[in-house]
Amino acid sequence: MIRESLSRLALRAYPRELARSRGAEMQSTVLDMSGPSRLAFVRELGFLVFCGLRERSRMTARSGRRQLTTDACSGALILFLAVPLWGMLSRFGTSTMRDGKWSLIVLGVCLVFVLAARGLQPVGRDRGPVRPRDRRDHHGVAGPADVG
Amino acid sequence: MVVELRPPSYFALAALIDGPLHGYAIAQRARELSDGRVRLSTGTLYALLERAVAESLVTAGEPYVVDGRHRRDYALTASGRALLEEEANHLAHAARTVTSRLRASARAVTA
């Protein structure tokens, strides 16, 4: 159950339209890909968030260089704050409870932080319906040559 | 067609040669075909599938649900098959060239 919630949360990294059209399918694939392994699940989530944020960045890049720069700086600041948050929560977990689920809870908290912070940014968020001329770019999440 | 096929895309498209497959099955088949060298994550897989659909290399079918899992089958188009064949020929030619050079070099060393 916690995995379903986390994967649904990770999909928030994607632009709204893409998450709506492919979200359920991607969530099922994440759960199948990771199987019973916690490490594989974390890896899958990490890649999912990375690819989603990259797609958002592509949308921002179309808004102009100034917004792209602002977006990159605020994104870097969010990650700069998320890393110590991860470390702090992990240390707190090992000193207070030995529950194996703690790492997933920490992951969830950090994901919420990153995605909420990204959502509050003035750039890089969804801007309503995609214009017809942008539709082709919007669906081109990444070129086959770019991914791996 | 200005599309360079890197191993993940090449094996993901190759996974569809025998017929339509859903996302998870594509990742599994690509892993088999590449002898375990290509391990597609969900994010990477759907990124390249979206791109392949946009480039008309692949068509996406209607969504359906099996055992609580949401699926959609993807099928290779004629242009996808042609691109794959072109890339396979290109790789085979490159392999032949290097192999023949290596053999010639080995013969020169032993002579």
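This is a predicted model: local features need pLDDT of at least 70, side-chain atom pairs count only at pLDDT 80 or more; totals for chains, interfaces and linings use all residues.
1. Chain A. Read from the N terminus, its elements follow the order α-α-α-α-α-α. Chain A has 148 residues, of which 44% count as buried.

2. Chain B. Of the 111 residues in chain B, buried residues make up 41%.

3. Helix α2 of chain A. The reader may wish to look at Arg22(A), where α2(A) bends by about 65 degrees. The helix covers residues 16-34. Gly35(A) follows α2(A) and has a positive phi, near 55 degrees.

4. Because Arg22(A) lies in helix α2 of chain A and Glu50(B) in helix α3 (residues 42-54) of chain B, the pair joins two chains. Both Arg22(A) and Glu50(B) are buried.

5. A second contact between the chains. Arg69(B) forms a salt bridge with Asp32(A), with 2.8 Å between the closest N and O atoms. This pair, too, joins two chains, because Arg69(B) belongs to strand β3 (residues 69-76) of chain B and Asp32(A) to helix α2 of chain A. Asp32(A), at 16%, lies under the 20% limit and so counts as buried. The contact belongs to a network of salt bridges that links Asp32(A), Arg69(B) and Arg71(B).

6. A salt bridge inside chain B. The side chains of Asp18(B) and Arg29(B) form a salt bridge, at 3.7 Å from N to O. Asp18(B) is placed in the loop between α1 (7-14) and β1 (21-22), and Arg29(B) in helix α2 (residues 23-33) of chain B, so the pair ties together parts that are eleven residues apart in sequence. Asp18(B) is exposed, with a relative accessible area of 68%, while Arg29(B) is partly exposed, with a relative accessible area of 27%. Over all chains, the count of salt bridges comes to eight.

7. Strand β3 of chain B covers residues 69-76.

8. Which strand pairs with β3(B) in the antiparallel sense over seven bridges? The partner is strand β2 (residues 58-66) of chain B. Within this pairing, Thr59(B) has Ala75(B) in β3(B) as its bridge partner. The two strands form a hairpin with two residues between them, and Asp67(B) in the turn has a positive phi of about 50 degrees.

9. Positive phi in the loops of chain B. Two further residues deserve a check of the backbone. Asp35(B), although not a glycine, has a positive phi of about 55 degrees. Its place is in the loop between α2 and α3 of chain B. With a relative accessibility of 68%, which is over the 50% limit, Asp35(B) counts as exposed. Ser56(B) is likewise not a glycine, and its phi is positive at about 60 degrees. Ser56(B) sits in the loop between α3 and β2 of chain B and is partly exposed, with a relative accessible area of 43%.

10. The largest pocket. How much space lies in the largest pocket? The volume is about 530 Å³. Its lining has 21 residues, and the closest to the centre are Val49(A), Phe50(A), Leu53(A), Leu79(A) and Val114(A). The elements that contribute two or more residues to this lining are α3 (38-61), α4 (65-96) and α5 (102-120) of chain A. By class, the lining comprises 15 nonpolar, three polar and three charged residues.

Key
Residues are numbered from 1 along each chain as its sequence is written. Chains are lettered from A and ligands numbered from 1 in the order in which they are written. Side-chain values use heavy atoms; hydrogens and water are left out. A salt bridge is a side-chain nitrogen of Lys or Arg within 4 Å of a carboxyl oxygen of Asp or Glu. Helices (H or I, at least four residues) and strands (E, at least two) are DSSP runs, numbered from the N terminus. Buried means under 20% relative accessible area, exposed over 50%, partly exposed in between (1.4 Å probe, protein chains only). Two strands pair if DSSP finds at least two bridges between them. On a 1 Å grid over the protein atoms alone, a cavity is a set of points where a 1.4 Å probe fits but cannot get out, and a pocket is an open set with protein on both sides within 12 Å along at least five of seven lines; lining residues have an atom within 4 Å of a point. Grid points are joined across faces, edges and corners, and a volume is the space filled by probe spheres set on the points. Ala, Val, Leu, Ile, Met, Phe, Trp, Tyr, Cys and Pro count as nonpolar, Asp, Glu, Lys and Arg as charged, and the others, Gly among them, as polar. The bend at a residue is the angle between axes fitted to the seven residues ending there and the seven starting there.
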